[in-house]
Amino acid sequence: MNISIIDLIVILGYIIAVIIYGIWRSRNVNDSSGFLVAGRNLGLFILVATVVMTEFNTATMVGYSSFGYQAGFYSQLILMAMFIGFICYTFIVAKRWKRINATSIIELFEIRYNKSFRILTTFMIVALLLFFSPAYLRAVGLIFASSLGISLTATVLIISGTVLMFSIVGGLTAVAHTNTLSFIITLIALPLMWYFTRSSAIGTDGLEQVFQDKYLSLNPFGMWNDSVMPFSFILSTYILMFLIYMQAPWYAQLMTAARNEKIAYASMGIGALIIVLLYGLSIQIAAYVRVGFPNLADPQLALAMAINNWLPVGLSGLMLAVILAIGQTTMGTIWNNIVSITSNDIYKRILNPDATERTLLRFSRLTTLAVALFTIVVSITIVDQVINTLFVGNVIMASLFFPALGGFLWWRTGEKAVWITTIASIVLGFGSILWVNQAENMGINDWMFLYYVIISPLVIILGIIISLIEKPSEQFMVKRIHFFLKVGAPWFGKKEYLKKLEKLNWAKMPVAD
C-alpha cells in the first residue's frame, strides 16, 4: 500500500464535491420526468459524458484489465467488438429510440407488439439490471478494498452511500451532471496513470520479458485456440456486443433524455471513440503491471497494484477517485433505469394507475433506496467473478435482440415470433450454461462461442421463419403502421409498408425517414 494522507484527502474531497454538486443540480427536480429522464433536455456534452461513464464501468474495466494482464496488447482486439456495437447503435437505432421518447425500453414492446409481451420484458429487464448492479459495485469495491486496506463491505457501503445521496434526490438529472464531473476527472487521471505505469514498466525489464511476441501485437492469426485468450472468445464477444447493445435499456433511456434526435445520434458516435480509448489505456496499464508484478494470484487486481505502487502521491488518490467516479456513474444510471421501469411499468401501469406526479416521484425515491440496499447485500454476499457474471447476465439482453431490432427494422416481425425467440433464447442460454459446466474440458469461452456464435443466430433465423408464416390480424397491422409512422419506415419490407398505408388511405400522412 502507498496511500498517503494526501491521497485520502483527495478521495474525500471528491466524495464531498460530487454529493454537493449532484444535490445542487437536482434542486429543481420536482416531477417524475426530471427524475427519470432528466426532463428530456440533456445537451451534447453532458450526454456524451453520461454515455461514456455509463459504458466505462468498473466491472468491464476490471475484467478487461485482467485480460491485459494475461494476454498483453493482443487483448485489445476485444475493443473492436465494443466499437462495432456502438457504431451500429448510432446508425441504426439511436434516432429511433429518441422518436419513441419513452421513459424506458419496455414501452417499445407494447407499442410494437402487445401488453402481455411488455409485461414479460418488464420483469426480464428488471431481473437483468438487478443482476448487473451488484457486479459493478463489487468491481469497484475490489480495487478500493485492496488500495485502502479496508474491508470490501466498508468500501461497498462508502461507494453506495455516495451514489445514493444524490440519486435519491435528483434521479437521472443528478446522475447526468455528476457523470460530467466524473468524465472530466477521468480524462485527466487515466492518461496520467498510463504514463507513470508505462514509465515504471520500461524502467524494469520491459514487456518482452513477461509476454511472448504474439501477445504484443494485434495479429489474430494462429490464436484461434490460444491457451490464454483464444480468438474464438474474441469473435464471440464481437457477436455478443452486437446482440446486446441494440436493446441495452440504459442507452434507450439516455436517448430519450436527449434534447433532440441530432444530439442522441452524435452522443453515441463520439462516445464510442472515447470509450475505446479509455478501455485501451486500462488494458495497457494492466499489461505494464505484469512487468513489475508477474505472479499476481488474481489478475483482476492489476489496476490496484499500479495505483498502490507506481503512482506518485496525490495521483494515487485522484485515480482512486476516478475508480469511485466510474463505479458511481454506472451504478447511478443502472439504478435509475431500474427505478424508471419499476415506477412506470409496474407501479403506475399495474399497481396504481391513478398515481399523481407527487406520488410517483415519492415512489421513485423509495425504490431507489430499495435498489441500493439490494445491490449492497448481493455484491457482498453472492457476486464473485465479475466478468463472468456480466457474460451470463447478457443472456437476458441477447434474448431481446430479435424483438427489438426486428421490431425497428423489419415490417413483418410478428407477435408469436418474438415470444418464441425470447423464450427459446433464454432456455437455450441457461441450459447451455448448465451443460458446459457439467462437461469436461469446457469453460466460459466454450459456452460463449456456443451460445452467441451458434445458438443466437439460429434463434434469429427461427424468428424470421415464424414471422414469414404468421398471419397478423388487421388490428396488429394497424398497430404496426402507427409504430413505423412514429419511429421511421422499416428498412426491410418498406414497399409492403407503403402499400398498406395506401390501402388504408394513410398515404398522405408524414412518413419518417
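**Inside the fold**

Modeller: Buried residues account for 61% of the 513 residues in the protein chain (buried is under 20% relative accessible area, exposed over 50%, partly exposed in between, with a 1.4 Å probe and protein chains only). Bear in mind that this is a predicted model: local features need pLDDT of at least 70 and side-chain atom pairs count only at pLDDT 80 or more, while totals for chains, interfaces and linings use all residues. Residues are numbered from 1 along each chain as its sequence is written, and side-chain values use heavy atoms, with hydrogens and water left out.

The largest nonpolar core holds 166 residues (a nonpolar core being a set of buried Ala, Val, Leu, Ile, Met, Phe, Trp, Tyr and Cys residues joined through side-chain atoms within 4.5 Å). Trp-97, Met-255, Val-289 and Met-319 touch the most other members. Take Val-289: leaving out residues up to four places away in sequence, Val-289 touches Tyr-69, Thr-197, Leu-296, Ala-302, Met-305, Ala-306 and Trp-310 (contact means heavy atoms within 4.5 Å). There's also a second, separate core of five residues, with Phe-35, Leu-36, Val-339 and Leu-361 among them.

How does the chain build this? With 21 helices and zero strands (DSSP runs, numbered from the N terminus: H or I of at least four residues for helices, E of at least two for strands). Of the contacts between residues at least 6 apart in sequence, 84% join residues at least 24 apart.

Ser-425 sits in helix α18, residues 415-438, and counts as buried because its relative accessible area is 4%. Beyond its neighbours within four places in sequence, Ser-425 contacts Val-395, Ala-398, Ser-399, Tyr-451 and Val-459. Pro-191, in helix α9 (residues 152-202), is partly exposed because its relative accessibility is 34%.

Zooming out, the C-alpha trace spans about 75 × 55 × 40 Å along its principal axes.
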